[in-house]
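Hi,

Here's the structure I promised to pass along. Have a look at it first, and my notes on what turned up follow below.

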Amino acid sequence: MKIITSPKVFSYTVLWLIVLVFFGTVAQKDIGLYASQVRYFSSYYFLIGGFLPLPGGRLALLLMTVNLASSLFKKSLWSIKKTGIIIVHLGGLLLLLGGGITAQFSSEGNMVIAEGETSDHVDDYFDMELAFINTSRKDSLEYTVFDAPLLQYGNSINYQKFGIQIDVISHMENVRIESRISPAESIYKGFLKDFVLLPEHPDKEVTQNRPGIILKLSGLSEEENGIYGIFLGQRTPDTFDINGDLFFTEFRRKRTYLPFSINLLDFEKVMHPGTNVAKSFSSEINLIEDSVPRRVLIQMNEPLRHRGYTFFQASFIDGLDKETTVLAAVKNYGRLFPYVSSIIMCIGLLIHLLTRLPKMLERQKQ
Amino acid sequence: MLLSCDADRYIRTYRLPKNVIIKDVNTDKISQVPRVVWEKPRDWKEVTGHSMRLASFSAPFSEGNGDVSITTFAGKSGGIGPNVNRWLGQIGLGPISDSAIEAMAIKKIGRLGEYSYFKLINDKDAGQAILASILQLEERTVFVKLSSNLKGLKEIEPDFNQFCNSIYIK
């Protein structure tokens with residue numbers, strides 16, 4: 001108990017976090033932002049040299065939380081004189097709680113919108129989903145979406161509603177597409193009759209990869225049962241007849257629909273003179289909610305905050321017919337925790353200072 | 001195995017309208033006529049065409065340029081049969097029966113759902129050939145047509161397919 005409540009544990013954990021920040025930042029250069037974040041900060045442990053386990057950021061913060069929370073049970077802490085310290089401890093705990101909520105529940109992705117176009121969904125950076133789209137309805141498309149946890153290698157999905165079984169034969173982080181050099185066996189269907197999907201070394205920036213998946217579908221007609229390949233951005237999807245309805249598939253970044261939409265009016269970028277390096281870029285948008293548009297300018301360091309989402313001006317795409325903006329969209333339920341906890345900790349420190357002040361002045365007089 | 005037991009948690013179903021009438025936010029008026037939009041292949045150049053056309057493109061190939069047009073009309077606009085027979089007439093072929101046209105139609109899927117695709121070639125005259133797509137929506141029909149010679153048709157076909165697949169309604 002003494003060890004758990006010891007302030008030394010807190011101090012050493014802070015030092016360890018500084019070490020993690022250093023190595024995590026350096027590692028970004030080689031393995032990219034996302035991989036580095038997962039390895040050093042979002043993990044409970046990581047291996048050095050492939051065998052030596054060291055505590056990751058999540059374990060360090062958990063230890064810190066336990067240490068800070070258990071120190072509140074020390075009897076010696078609970079006196080009027082230490083009101084300030086108690087408040088600082090509570091503020092610190094609130095900050096860690098906010099971090100936990102952010103780690104567990106926050107989501108992030110991007111919105112890619114060309115000038116004049118409107119979008120109402122965010123594409124996840126990392127997670128993929130498989131959508132079966134029923135085109136046979138009169139005035140709507142019906143999407144049946146299988147989330148990333150179901151699409152792992154070796155998984156089998158028995159979907160009663162369609163009466164089909166989907167076996168995941170391969171799930172590749174990055175693929176390249178090549179024409180077949182010899183005729184495909186009859187089990188390969190659709191796109192895979194003429195092409196093959198081959199694994200490609202993943203780029204360190206996740207968004208630069210083209211994920212692909214190879215599935216075995218059974219429960220369709222004799223002709224359609226077989227192995228299919230689908231990849232991100234596939235222009236001509238394979239089609240299936242399921243219970244008399246015509247479906248096609250999409251393997252895409254996980255999509256979150258928003259209760260509002262964003263229409264890009266104008267995208268502007270200013271380059272550093274004589275270079276191809278952007279100095280600043282901004283998007284003038286209409287935020288449309290309940291058919292009511294509101295003009296907003298999103299620019300670097302001036303994001304749009306709306307309904308729990310924050311939209312940052314992240315990037316742009318050159319070379320298309322129209323100028324296209326890339327907004328990073330973040331939904332963070334723990335967004336306010338750092339502000340509130342910082343204020344609480346400041347108040348605690350101030351109270352502690354004020355309660356100590358008479359004694360300090362007395363000592364100075366002596 | 002455990003995941004499979006809990007699979008329903010990871011499966012979602014929802015519907016989105018095929019034709020969305022969106023509010024024109026710039027003019028603050030409701031646009032009652034859905035706008036047909038598309039992604040143009042990089043090599044194609046938009047050119048001035050007949051006033052009935054939504055757009056016309058010049059699609060280059062090794063021997064010249066193909067003419068691509070996109071038009072839309074309310075309702076079924078005569079249906080598939082009369083239009084295909086009209087195009088057959090344009091390349092010097094006689095009309096054929098509805099069942100022959102149905103057999104000739106290739107069903108494809110684009111962003112708007114299923115559409116009919118026709119490759120019309122006159123075996124005796126390689127100088128004229130037509131690729132056409134007919135996208136029948138609830139209240140209107142969209143026609144996309146490429147007129148070229150046989151060589152142009154073969155060279156432009158991949159871009160034409162992509163173009164047809166990219167069409168959607170805003």
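Helices here (H or I, at least four residues) and strands (E, at least two) are DSSP runs, numbered from the N terminus. Before you read too much into any of this, note that it's a predicted model: local features need pLDDT of at least 70 and side-chain atom pairs count only at pLDDT 80 or more, while totals for chains, interfaces and linings use all residues. Residues are numbered from 1 along each chain as its sequence is written, and chains are lettered from A and ligands numbered from 1 in the order in which they are written.

Back to α2(A), which covers residues 7-31. Its 25 residues should span 36 Å at 1.5 Å a residue, and the end C-alpha atoms are 35 Å apart, which agrees. (The expected span is 1.5 Å times one less than the number of residues.)

Now for the helix pairs. Two packed helices are described by the angle between their axes and the distance between the axes. The axes are lines fitted to C-alpha atoms, for helices over the stretch in contact, and angles run from 0 to 180 degrees between N-to-C directions. Angles under 35 degrees count as roughly parallel, over 145 as roughly antiparallel, 65 to 115 as roughly perpendicular and the rest as oblique. A crossing is left-handed if the near helix is turned anticlockwise from the far one by less than a right angle, and right-handed if clockwise.

- α2(A) with α3(A) (residues 33-41): the angle is about 150° and the axes are 8 Å apart, so the two are roughly antiparallel. The crossing is right-handed. Among the residues making this contact are A:Phe23 and A:Ile31 of α2(A), and A:Arg39 and A:Phe41 of α3(A). By class there are eight nonpolar, three polar and one charged.
- α4(A) (residues 57-71) with α5(A) (residues 83-105): the angle is again about 150°, with axes 10 Å apart, so this pair is roughly antiparallel too. Here the crossing is left-handed. The contact includes A:Leu61, A:Met64 and A:Leu68 from α4(A), and A:His89, A:Leu93 and A:Leu96 from α5(A). Its residues divide into six nonpolar, five polar and no charged.
- α5(A) with α6(A) (residues 337-365): the angle is about 165° and the axes are 7 Å apart, so these are roughly antiparallel as well. The crossing is left-handed. This contact has 16 nonpolar, nine polar and no charged residues.

For those classes, Ala, Val, Leu, Ile, Met, Phe, Trp, Tyr, Cys and Pro count as nonpolar, Asp, Glu, Lys and Arg as charged, and the others, Gly among them, as polar.

There's also an open sheet in chain A, with four strands in the order β6-β7-β10-β11 and antiparallel pairing. β6 and β11 (226-231) are at the edges with a single partner strand each, so one side of each has no neighbour in the sheet. From one strand to the next, the twist averages 25°. Two strands pair if DSSP finds at least two bridges between them; β6(A) and β7(A) (residues 164-172) have four. In that pairing, A:Asn158 sits opposite A:Gln165.

Last, how do the chains meet? On the A side, 30 residues are in contact with 24 residues of chain B, where contact means that the C-beta atoms, placed from the backbone, lie within 7 Å. β5 (140-146), β6 (156-159), β13 (245-271) and β14 (278-289) of chain A each supply at least two residues of that side, and β5(A) gives the largest share, seven residues. The A side divides into 12 nonpolar, 12 polar and six charged residues. Seven bridges join β5(A) to β1 (residues 11-17) of chain B, and the two strands run antiparallel. A:Tyr143 stands opposite B:Tyr14 there.

Cheers

Note on methods
Contact = placed C-beta atoms within 7 Å.
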